[in-house]
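Please keep the sequence and the structure in view while reading.

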Amino acid sequence: MSIRTTLLAFLTTARNALKAPAAQRPKPLTLVVGNESADLDSLCSAIVYAFIRTHTAPHTLHIPLSNLPREDLALRTEMTAVLRHAGLVPENLLTLSDLPDGLEPHDTRWLLVDHNSLTGPLRRFAGQVTGCVDHHVDEGVIPRDAQPRVIEPCGSCMSLLVHECKQAWTDLSRQQTDDAENDGLIKLALAPILLDTTNLTAKSKVRPKDTQAVSFLEQQMRDKAFNATKYYDEINAVKEDISGLSFRDIFRKDYKQWEEQGLTLGVCCVVQGFEYLLEKAQTDQQDFLQELASWSDERKLDVSAVMTTSHPGGKFHRQLLVWGRNDKGTDAVGRFKDLATERLRLEQWKNGELDGDGNARFAWGQYELAASRKQVAPLLREALKLSKEQKI
């Protein structure tokens, strides 16, 4: 495959390979996929890593897969904005909706980015994972001899990918004759790093590889008028505008789900605070809670959680709501409260305005600002795992 292949041509080739009749598909199909929340880091990492790996010897076609149904792509408005900078549109991406019916696990190989354990609809392919690049907690399921096996803390998964592929990227860039194509790939890589680290200003998140990745990518950029801060501001403004979304769409825009001990946990991340959500409800908190209850019932959750980030007055805030939807879920919420109150520096939000349903639902201001879903979800999962008799 030519080094000069454009991103669009690459994605078209990947689509043709995935949609070909079974007898004509490459065997095995090699797919690169991010996590179920399908946020900017996951979506961009899958595309960038698949492109680089495809154009690196031995030139095996790597197919980037967005880990969500096609209908949900419309909710990723920030991804649409980033794709535009690379001359792409959401229709160019492959999603779960594009997986062939009857695709057998043994006919596939999988590389994971931005997570290290296949879940949800892709769980049946877990035995075919051959490599991983991720910045979440290591769940211990990726084989030790996987190639690559990069699992370490970092502000963005993309930063780890850039570090992993630096030499290959340099070689590709030298041979790329089209400045717009060269810079489009760089912008795909820069966007999630800048967004996940608040333009490298979130001291609790930024690791040396984040800073190094941004520096490396800016050096490769041929448009010397490019301004990373303006780019960040543009993408962030799109991400934080959820005014046109229904509550259901807000909850599912950045959502992840886990199964532990027969219980189901769902965590929604929202880019506005409880104040915004209650104002959107227009009457009182019951409307917001009814919408959350409806979403929780749709997903058949035992424990439902909403994590918010916001910037009132230019200051970064986090909030957290956890709701046990039945007796077992309520028990788990009590265990989480014991586990997490000090670790996350949780303080009751507005005198318990959103607390209730017995001891099933609590809302807090979260003052451990460094703890994103990568840190909070493992605590929730631990609370689900602990039996009622165990002491914390």
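Helix H4 lies across strands S3, S4 and S5 and runs at about 115° to S4, where angles run from 0 to 180 degrees between N-to-C directions and axes are lines fitted to C-alpha atoms, for helices over the stretch in contact. Helices (H or I, at least four residues) and strands (E, at least two) are DSSP runs numbered from the N terminus. Residues are numbered from 1 along each chain as its sequence is written, and side-chain values use heavy atoms, with hydrogens and water left out. Because the model is predicted, local features need pLDDT of at least 70 and side-chain atom pairs count only at pLDDT 80 or more, whereas totals for chains, interfaces and linings use all residues.

**The sheet**

- Five strands in the order S2-S1-S3-S4-S5 form an open sheet with parallel pairing, two strands being paired if DSSP finds at least two bridges between them.
- The edge strands, each pairing on one side only, are S2 (62–65) and S5 (149–151), and neighbouring strands of this sheet are turned by 25° against each other on average, direction ignored.
- S3 and S4 pair in the parallel sense over four bridges, and valine 113 stands opposite valine 133 in S4.
- Helix H2 packs on the sheet, touching S1 (29–33), S2, S3 and S4, and its direction makes about 175° with that of S2; contact here means heavy atoms within 4.5 Å.

**Helix packing**

- Helix H5 (residues 166–175) has Ala168, Trp169, Thr170, Leu172 and Ser173 as its buried residues, buried meaning under 20% relative accessible area, exposed over 50% and partly exposed in between (1.4 Å probe, protein chains only).
- These buried residues of H5 pack against helices H2 (40–54), H4 (157–164), H6 (179–196) and H7 (208–220).
- Helices H10 (residues 274–281) and H11 (residues 285–298) pack at an angle of about 100° with their axes 7 Å apart, and Leu277, Leu278 and Ala281 in H10 meet Gln285, Asp287 and Phe288 in H11.

**Single residues**

- Tryptophan 323, which lies in strand S9 (residues 317–324), is buried, with a relative accessible area of 5%.
- Among the residues that tryptophan 323 touches, not counting those up to four places away in sequence, are Leu289, Val303, Val333 and Arg361.
- Glycine 127 is found in the loop between S3 (108–113) and S4 (129–134) and is exposed, with a relative accessible area of 68%.
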